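Have a look at the structure first.

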Amino acid sequence: MKIFIYGSYRLKGEDVKLWQYIVLRVLLIIPTLFILLSIVFVLLRMIGDPIIAMVGMRAPPSVIAAMREQAGLNKPLYQQYVNYIFGILRGDFGTTMSVDHRPVISVIMERFPATLELTIAAFLVSVIIGLVTGTVAAWKRGLLDTTMRLYSIVSYALFIPWFGLMLQLVFGVYLKILPIGQRADPGLTPPYYTGLYVVDSIIAGRFDMLMSALKHLILPAITLGVVLSGVYTRLLRNNMIDVMGQDFILAYFARGIRDRKVLIHSLKNAFIPLVTMMGLQFAILLTGAILTETTFSWPGLGTMIVERIQYTDYTAVQGAVVFFAIFVAVTNVIIDIIYAFLDPRISY
């Protein structure tokens with residue numbers, strides 16, 4: 001019998017070693033991914049015939065038949081499913097159905113660095129704002145606490161495209177201090193090393209490219225980061241209030257230890273549960289990046305999905321959704337393992 005305690009497993013009363021816990025978490029991702037892939041396969045085939053949607057009802061039957069064969073849609077459904085699963089296992093996401101006929105995985109990897117860069121920047125913004133506002137709310141009860149809690153509610157209720165447009169209007173149109181779209185100024189695109197413009201600019205040693213990349217990153221990162229920071233504010237505030245009411249914190253105060261040291265100890269103990277939330281939020285950031293990218297014309301996976309939906313590029317949309325699902329599932333496993341390292345209460 002298995003009992004799940006604080007993210008660790010105990011098998012018949014014996015602690016599982018860390019490496020065994022990691023292996024268990026990695027193995028558990030297999031059925032999760034299998035279910036996700038199956039859901040994607042079923043849902044995308046329920047939307048109708050992508051070939052008819054692409055070429056229209058009046059297209060010659062020979063053209064429709066050739067396109068069905070090229071996309072593998074002329075085979076029985078069970079055979080399509082088997083080919084689809086084995087193709088994913090081989091890293092083959094199919095070929096785009098638009099005029100370029102490129103491998104889907106190459107299109108995804110071409111756009112993914114932009115989404116990853118935006119997600120990392122927004123993640124840092126959300127964590128920093130959440131930590132500051134949550135700590136202030138827990139430490140300074142009263143008006144500041146009420147203000148921070150109100151901020152957490154308002155920020156989480158913001159509609160990303162509207163908030164992004166307001167930032168564009170203020171900082172891009174009226175103040176003219178920040179760009180409102182794209183990843184870099186014309187002529188300042190860094191040479192390709194990782195696809196992350198900030199990193200590539202540093203590697204190339206081009207300060208002008210670095211500043212251009214950072215300026216273009218500010219508004220999208222703030223838009224996405226602010227919207228998701230409210231979750232950290234509420235969670236950290238509640239955890240810190242619970243920690244500060246525990247005996248060891250009261251003992252610190254009784255011994256006359258300075259408030260700053262007590263605050264640091266409280267924050268350390270309240271921070272551990274936030275790690276799991278960070279993993280979940282990182283996954284949400286990836287999906288939220290779709291709205292942010294379309295608002296700021298950010299050439300990432302989000303805009304790619306929107307473009308391919310407009311082209312009715314069935315295989316490209318399917319590949320992008322599957323890629324998102326795999327990336328989110330793997331990220332959650334990594335966060336679980338990090339959580340096991342950080343929480344001293346976990347035994348193996």
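What follows is a short tour of helices, a surface patch and charged pairs in this predicted model.

Let us begin with helix H5, which spans residues 104-139. Its 36 residues reach 50 Å from first C-alpha to last, close to the 52 Å expected at 1.5 Å a residue. H5 bends by about 35 degrees at Arg111, with a proline, Pro113, following within four residues.

Next come the salt bridges: the whole structure has 7, and the table shows some of them.

| Pair | Closest N and O atoms |
|---|---|
| Arg90 and Asp92 | 3.8 Å |
| Glu117 and Arg183 | 2.7 Å |
| Arg149 and Asp145 | 3.5 Å |

Glu117 sits in helix H5 and Arg183 in the loop between H7 and H8, so their pair ties together parts that are 66 residues apart in sequence. Glu117 is buried, at 8% relative accessible area, and Arg183 is buried at 8% as well. In helix H6, Arg149 and Asp145 are 4 residues apart, about one helical turn. Arg149 is partly exposed at 38%, whereas Asp145 is buried at 2%. Salt bridges with shared partners join Asp145, Arg149 and Arg237 into one network.

H6 also holds Ser155, which is buried at 1% relative accessibility. Ser155 touches Val226, Val227, Ser229 and Gly230.

Finally, the surface carries a nonpolar patch of about 1000 Å², with Phe159, Trp162 and Leu291 among its residues. Helix H7 gives the most to this patch, with 7 residues.

Note on methods
Residues numbered from 1 in each chain as written. Predicted model: local features only at pLDDT ≥ 70, side-chain atom pairs only at ≥ 80, totals over all residues. Heavy atoms only, no water. Helix = DSSP H or I, 4+ residues; strand = E, 2+ residues; numbered from the N terminus. Buried < 20%, exposed > 50% of the residue type's maximum accessible area, 1.4 Å probe, protein only. Contact = heavy atoms within 4.5 Å. Expected span 1.5 Å × (residues − 1). Bend = angle between axes of the 7 residues up to and from the residue. Patch = residues over 30% accessible without salt bridge, like charges linked within 9 Å, V, L, I, M, F, W, Y side chains within 5 Å. Areas by Shrake-Rupley, 256 points an atom, 1.4 Å probe, with all protein chains shown as cover. Salt bridge = Lys/Arg side-chain N within 4 Å of Asp/Glu carboxyl O. Lists of a residue's contacts leave out its neighbours within four places in sequence.
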